[in-house]
Amino acid sequence: MSACEPNRRLELTPGEMRELGYRAVDMVVSHLATLGQQSVGRTAPRADLEKLLREPPPEHPAAAREVLEALGRDVLPNTLHVNHPRFFGFIPSPGNYVSAVADFIAAGFNVFAGTWLAGSGVAEIELVTIDWLRQFCGLPETAGGLFVSGGSVANLTGLAVARQVRLGGRTAGAAVYYSDQTHSAVERGLRTLGFEPPQLRRIPAGGQLWLSPDAVRREIAEDRAAGRVPFCVVANVGTTNTGAVDPLPELAALCRDEQLWLHADGAYGAAAALSPRARPLLAGLEQADSLALDPHKWLFQPFEIGCLLVRQAGWLRQTFTVHPEYMKDTFRAEEEPNFCEWGVQLTRSTRALKLWMSLKVFGVDAFRQAINEGLELAELAEAELRRRPGWRIVTPAQLAIVSFRYEPSGMSAQESEAINHGLARRMREDGFALLTSTVLDGRTVLRLCTINPRTTCQDILETIERLTQVTSDK
Ligand SMILES: Cc1ncc(COP(=O)(O)O)c(C=O)c1O
């Protein structure tokens, strides 16, 4: 019977594994070593990619080398390089090589990080690394958390904990408060949890672009008067649009007075707690009941790694524990946690490994310096734009984001809107640098997010020079 022998069809020989691995390493290393000289990448039309990549399921084997070549030729160039030194769009993800290697090791060993029984070593690494993040953010020792895929799931998980702990899992009549600058992941998370649009108080942030505690108080009073149940405030710790931080100490005091849950979305901004320069801006962060932060943004990790911290680690078990009989052998004492009981994922890889390994290899101070330099690059961009005629700063550099418009004197609002609208696209077509636009106060603005440690001052100055040239291209 052929099944009595190991089936080697899904295996390579040790020599073949090494050859494939070395080729893959060479591919990644040459990509990273030449990033600055490459374009920021490209987005191909679907029709072109269909021609290149559509085929029936491949019944027969092909040489791994050829498949790797096709990947390098047809797939990877048709992506935007979010780790490129001149990728300033959305929130970049600089990544780092050590963490990429850690991901490879995690996949190679295929470590199961859902239970202590199967993954005690990596579970301990997750506890330790989560505790480092807790210390960076100043949460008390009672706090705990876990790694998830990213900011969206971290927010969803935090809001699920809030719903369980404060509302016993029910949503009827409850109201949630946040500003119109809040990331869409929060609304998506709330909807997923069963909150209906009329339960969501999306409060206009106005010119200051942060959530006014007075406005929240007014909404709460109205809701109480109408018999509804105010339950949670979501505060921004760095909005995606402009890097604005909601007034955390005031919102925390309000939540204490009104007995509301304070959830903080620090998906991109909370990492700045590491930087002494940015720390004062984030005062109050340590008072959150739950906090989402994304190491795959400003802690330089490759996708996917988000993190949820909650003030009492026990809240996670309270929210997510279910004990099926087929998992009986995995039940442990509380000090040996099963991360599958702390979130929604049973089967999970060890995302902790990459953050742990890179923090150890580079040291925390390298991360701190990189965050500081990101802050400085946005300040440089702001100064350069102020120096040049025609540019108006809309929001100054904050948490490494600056937003601005091209508005030379004498140009009509309509014409200026049309130019700004087209600028991001034209820069993308040019391929030297990538920035994205958003809308503030009804107008298109451009933004640069400068968190990549590979970015140089020259990259910033040349990008602004090219941007200025593009404004006059017809
Ligand atoms: C403030 C904020 N919250 C949430 C998210 C969503 O995070 P993710 O894309 O990792 O799911 C982002 C993403 O940019 C963000 O900037």
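Predicted model: local features only at pLDDT ≥ 70, side-chain atom pairs only at ≥ 80, totals over all residues.
**Stop 1: the largest pocket**

Start by selecting A24, V28, H31, L76 and A100, the residues nearest the centre of the largest pocket. The space here comes to about 1,100 Å³, and 33 residues line it.

Next, colour three helices: α1 (14-33), α3 (64-75) and α4 (97-109), each of which gives at least two residues to this lining. Which helix supplies the largest share of the lining? Select α1, and nine lining residues are there.

Now colour the lining by residue class. There are 21 nonpolar residues, 10 polar ones and two charged ones.

**Stop 2: the second largest pocket**

Move to the second largest pocket, with about 510 Å³ of space. To centre the view, pick F90, I91, H183, T240 and K297, which are the closest to its centre among the 32 residues of the lining.

For the surrounding secondary structure, show α6 (151-167), β5 (261-266), α10 (295-298) and β10 (436-440). Each of these elements contributes two or more residues to the lining of this pocket.

Colour by class again: the lining of the second largest pocket has eight nonpolar, 19 polar and five charged residues.

**Stop 3: the ligand**

Select the shell around the ligand, which holds 13 residues. The nearest of them are G151, S152, D265, D294 and H296. Both α6 and α10 supply at least two residues of this shell, and the largest share, three residues, is from α6. By class, the shell divides into two nonpolar, eight polar and three charged residues.

**Stop 4**

- D265: an N or O atom of its side chain is 2.7 Å from a nitrogen atom of the ligand.
- T240: a polar atom of its side chain is 2.9 Å from an oxygen atom of the ligand.
- K297: a polar atom of its side chain is 3.2 Å from an oxygen atom of the ligand.

Definitions and conventions:
Residues numbered from 1 in each chain as written. Heavy atoms only, no water. 1 Å grid on protein atoms, 1.4 Å probe; cavity = no way out; pocket = protein on both sides within 12 Å on 5 of 7 lines; lining within 4 Å. Points joined across faces, edges and corners; volume = space filled by probe spheres on them. Helix = DSSP H or I, 4+ residues; strand = E, 2+ residues; numbered from the N terminus. Nonpolar A, V, L, I, M, F, W, Y, C, P; charged D, E, K, R; others polar. Near = heavy atom within 4 Å. Polar contact = N/O pair within 3.5 Å; in protein donor to acceptor, adjacent residues only side chain to side chain.
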